[in-house]
Amino acid sequence: MTALPNSSAAPRKRMPRAQRERQMIDVAVALFAERGYVAASMDEIAERVGVSKPMLYEYFHSKEGLLIAAIRRARADLLAATENAASSARSAEEALWQGLLAYFQFIDQRHAEWSLLRHELSLVGASAADEVEAIRRQQTEFNASLIRVYLPGVPDLEVEAVAEFLVGACERMAIWAERWDEVTPERATALTMEILWNGLGNRQGGHS
């Protein structure tokens with residue numbers, strides 16, 4: 001008698017590459033945050049994902065390549081979050097508020113990635129550090145574009161200075177907020193607006 005095929009032995013459906021890549025990055029970010037970038041191994045990442053180590057290398061080539069992919073994904077997601085938040089604003093003040101809130105909410109919700117960038121970059125290569133600097137440049141350009149749209153009378157040199165200052169200030173505010181449970185994204189936004197908007201608004205004479 002011929003045995004019936006065992007349905008449980010049927011091959012599993014192959015996961016689309018983009019979905020598998022997201023899964024690998026998610027696991028890597030969690031493990032990097034848990035163990036530290038240096039201590040985390042590609043063997044353990046592959047085991048947690050449920051793939052072979054050669055497949056992990058096929059996708060990212062190295063552990064640093066995996067870290068860079070995680071940073072690039074965070075960069076794209078951060079830009080999308082801040083752009084979407086500011087897109088419906090009707091004034092410069094509202095655009096700045098919504099953009100700041102989206103930034104602080106992103107850091108709060110993606111804390112594993114933020115923690116990784118904060119504490120581990122001194123231990124990795126220049127390529128990863130360059131990717132983090134690209135995030136700063138990206139957000140500087142985004143801030144400058146908002147200022148030019150809503151405050152067209154501000155000279156370009158001052159626009160660039162304010163945009164650079166805003167990125168540095170927000171980064172330090174996020175680091176400071178980590179020490180205080182009561183500093184929510186909303187409170188961090190309010191504090192930053194109190195400090196920054198008065199000067200920027202008064203520069204245009206449009207804020208009392």
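**Helix packing**

I began with H1 (residues 17-35) and H3 (residues 53-60): their axes come within 11 Å and cross at roughly 105 degrees. H1 and H3 are therefore roughly perpendicular to each other, a label for angles of 65 to 115 degrees, while under 35 is roughly parallel, over 145 roughly antiparallel and the rest oblique. For my own reference, axes are lines fitted to C-alpha atoms, for helices over the stretch in contact, with angles from 0 to 180 degrees between N-to-C directions. Helices are DSSP runs (H or I, at least four residues), numbered from the N terminus.

Before going further I noted the ground rules: this is a predicted model, where local features need pLDDT of at least 70 and side-chain atom pairs count only at pLDDT 80 or more, while totals for chains, interfaces and linings use all residues. Residues are numbered from 1 along each chain as its sequence is written, and side-chain values use heavy atoms, with hydrogens and water left out.

Which residues make the H1 and H3 contact? On H1 I found Arg 17, Arg 20, Glu 21, Met 24 and Ile 25, and on H3 Met 55, Leu 56, Glu 58, Tyr 59 and Phe 60; contact means heavy atoms within 4.5 Å. I sorted that contact of H1 with H3 into 6 nonpolar, no polar and 4 charged residues. Here Ala, Val, Leu, Ile, Met, Phe, Trp, Tyr, Cys and Pro count as nonpolar, Asp, Glu, Lys and Arg as charged, and the others, Gly among them, as polar.

Next I checked H1 against H4, whose axes come within 10 Å and cross at roughly 100 degrees. That makes H1 roughly perpendicular to H4. From H1, Arg 22, Met 24, Ile 25, Asp 26, Ala 28, Val 29 and Phe 32 meet Lys 63, Leu 66, Leu 67, Ala 69, Ala 70 and Arg 73 of H4. I get 9 nonpolar, no polar and 4 charged residues there.

H2 (residues 42-49) packs on H3 at about 100 degrees, axes 9 Å apart. Met 42, Asp 43, Ile 45 and Ala 46 of H2 touch Lys 53, Leu 56 and Tyr 57 of H3. The classes come to 5 nonpolar, no polar and 2 charged.

**Salt bridges**

I counted 14 salt bridges in the structure, each a side-chain nitrogen of Lys or Arg within 4 Å of a carboxyl oxygen of Asp or Glu. I looked up Arg 48 with Glu 34, where the closest N and O atoms are 3.1 Å apart. Arg 48 lies in H2 and Glu 34 in H1, so the pair ties together parts that are 14 residues apart in sequence.

How much space lies in the largest pocket? I read about 470 Å³. A pocket is an open set of points on a 1 Å grid over the protein atoms alone, with protein on both sides within 12 Å along at least five of seven lines; a cavity is a set where a 1.4 Å probe fits but cannot get out, and lining residues have an atom within 4 Å of a point. The largest pocket has 29 lining residues, with Leu 78, Tyr 103, Trp 114, Ile 135 and Glu 171 nearest its centre. By class, its lining has 19 nonpolar, 4 polar and 6 charged residues.

I also logged the second largest cavity, with a volume of about 30 Å³. Its lining is Leu 67, Ala 70, Ile 71, Ala 74, Glu 113, Leu 116 and Leu 117. H4 gives the most to that lining, with 4 residues.

Technical notes
Helix = DSSP H or I, 4+ residues; strand = E, 2+ residues; numbered from the N terminus. Points joined across faces, edges and corners; volume = space filled by probe spheres on them.
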